[in-house]
Amino acid sequence: MRSLFNRRQFSQLSGGAALLASPTALPAFAQATSTQPEMTGQKANPRTFPQGFYWGAATSAYQIEGAWNEDGKGASIWDTYTHQPGNIKNNDNGDVANDHYHRYKEDVALLKDIGATAYRFSIAWPRIFPEGRGQANPKGLDFYSRLVDELKAAGIEPFATLYHWDLPQILQDKHGGWQSKDTANAFADYAGHIAGQLGDRVRHFFTINEFRSFVEGGHQGFDIQVGGGKTVHLGGAPGLRLSNAELNQVRHHAVLGHGLAVQAIRARGRAGTKVGFAENMLTAVPVMEAPDYIRAAETATRELNADFTTVMLEGRYTDGYLKRNGKDAPTFSDDELKIIASPLDFVGINVYKPNVYVTPSDDPAGYSRIPINASHPKMQSEWHVFDPACLYWAPRHVQSLWGAKSIFITENGCGASDVIADDGKVYDSDRIMFLRAYLAQLQRATADGVPVDGYFLWSAQDNFEWMDGFGNRFGLVYVDFKTQKRTPKLSAQWFRESARRNAVA
């Protein structure tokens with residue numbers, strides 16, 4: 001289709017330079033990717049992804065590993081938080097979870113069976129450094145080394161996330177966790193150590209997963225608009241209720257930790273190691289595809305992400321962000337901003353839903369928000385507003401605003417009311433509907449020239465879903481948490497066929 005996007009260099013927008021590694025001029029969206037389409041009879045499949053596209057699934061350490069106090073692992077803030085009654089639905093916790101720590105070989109075999117060519121997993125910081133820093137725990141590192149070897153033997157590319165929220169509890173107790181700049185320095189030390197130990201086999205590292213979720217959820221809590229003026233309140237470990245000024249400083253320390261970790265990985269990793277972040281960027285969707293509406297959506301996306309994505313990719317806090325926060329704005333130095341904007345090899349974004357619909361406006365902001373209707377369709381999770389178009393606009397905004405040359409969809413998926421049928425199978429028809437619709441929009445983005453290099457479905461298997469405990473199932477594989485039996489769902493077959501075709505099945 002002919003793109004209506006108004007292309008321009010990032011430098012024209014902000015006065016800065018695009019901070020991704022080796023920035024070049026943006027490609028034309030109308031230019032199709034150079035792929036060899038699969039042939040069905042005499043007809044080309046019009047929904048093929050670029051050659052070399054990664055078909056992946058994702059998990060995180062606390063949500064699947066279990067073994068919470070085995071082999072020298074230290075306690076994390078999520079261990080502490082889930083052990084306090086009332087914090088999690090049904091008082092569930094991740095003490096055992098999927099027992100992945102002991103069953104990783106079975107789980108890697110399942111990944112291979114469902115056709116995954118990449119696996120995004122996270123490393124538990126307190127499993128490596130029980131004290132947060134200092135002496136490393138060899139048994140912890142050995143687990144991840146064995147996992148990586150198993151993945152490589154199965155032909156699955158490992159993508160490691162260094163922080164998926166399980167901060168060592170001792171850093172929370174001694175320094176106030178991410179309230180202290182010392183935690184950012186400790187994170188960099190840990191990141192450099194992992195790059196030095198695993199970088200011979202792991203070529204892609206994500207520094208931090210979902211800054212917004214763990215910063216705001218864990219340090220103040222936040223409300224999500226779900227339609228009709230209704231909101232859902234979300235929280236998490238360590239369960240603090242900071243002031244706005246304190247929260248903004250935690251935000252700053254988190255992105256500073258990211259920048260320091262990038263530098264540590266560059267220093268300790270092997271040549272050719274690639275690094276980026278994985279953020280649940282707030283995505284503005286234009287109400288219609290017209291140039292002024294698309295510009296409004298770009299403007300909104302840049303400003304809505306001023307505290308995380310924008311500052312990491314531009315090296316500055318927007319004037320609007322600093323003005324809105326006034327005396328509550330974070331304290332920072334120019335040198336810290338340079339560290340935060342350390343050049344990246346790719347941008348990872350977790351995309352589940354549109355965060356806001358916008359129209360053009362003559363107001364100074366340049367856009368107006370449109371409320372989400374009460375009858376807007378949703379997936380099983382109350383927060384999960386359904387609109388596949390967000391998987392087109394999110395990566396497109398990342399390219400158009402910041403000149404990204406490589407983008408990964410690091411999470412996308414949905415919870416569903418999955419049950420084992422009488423024949424022993426799981427017929428998750430709604431998940432297949434969701435995936436087909438969303439991935440069709442992602443393929444449309446790649447066909448328009450957006451450089452998306454891979455997709456990671458959340459999740460490889462059902463797991464501990466934070467505040468919802470084991471009640472919401474997001475996996476391609478059904479897990480009976482009493483017996484630990486794994487059962488691939490119908491969506492796993494769909495995923496395998498899509499990966500085989502490198503196209504939307």
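User: At what angle do helix H8 and helix H10 pack, and how far apart are their axes?
Analyst: This is a predicted model, in which local features need pLDDT of at least 70, side-chain atom pairs count only at pLDDT 80 or more, and totals for chains, interfaces and linings use all residues. Residues are numbered from 1 along each chain as its sequence is written, and side-chain values use heavy atoms, with hydrogens and water left out. H8 (residues 181-198) and H10 (residues 244-268) pack at about 30°, with axes 8 Å apart. Helices here are DSSP runs of H or I with at least four residues, and strands are runs of E with at least two, numbered from the N terminus. Axes are lines fitted to C-alpha atoms, for helices over the stretch in contact, and angles run from 0 to 180 degrees between N-to-C directions.

User: Why are H8 and H10 called roughly parallel?
Analyst: H8 and H10 are roughly parallel because of that angle; the term covers angles under 35 degrees.

User: Now H6: which of its residues are buried?
Analyst: Among them are Gly140, Leu141, Phe143 and Tyr144. Buried means under 20% relative accessible area, with a 1.4 Å probe and protein chains only.

User: What covers the buried residues of H6?
Analyst: The cover includes helix H4 (100-113), strand S5 (157-163) and H8.

Methods: Parallel < 35°, antiparallel > 145°, perpendicular 65-115°, else oblique. Buried < 20%, exposed > 50% of the residue type's maximum accessible area, 1.4 Å probe, protein only. Contact = heavy atoms within 4.5 Å.
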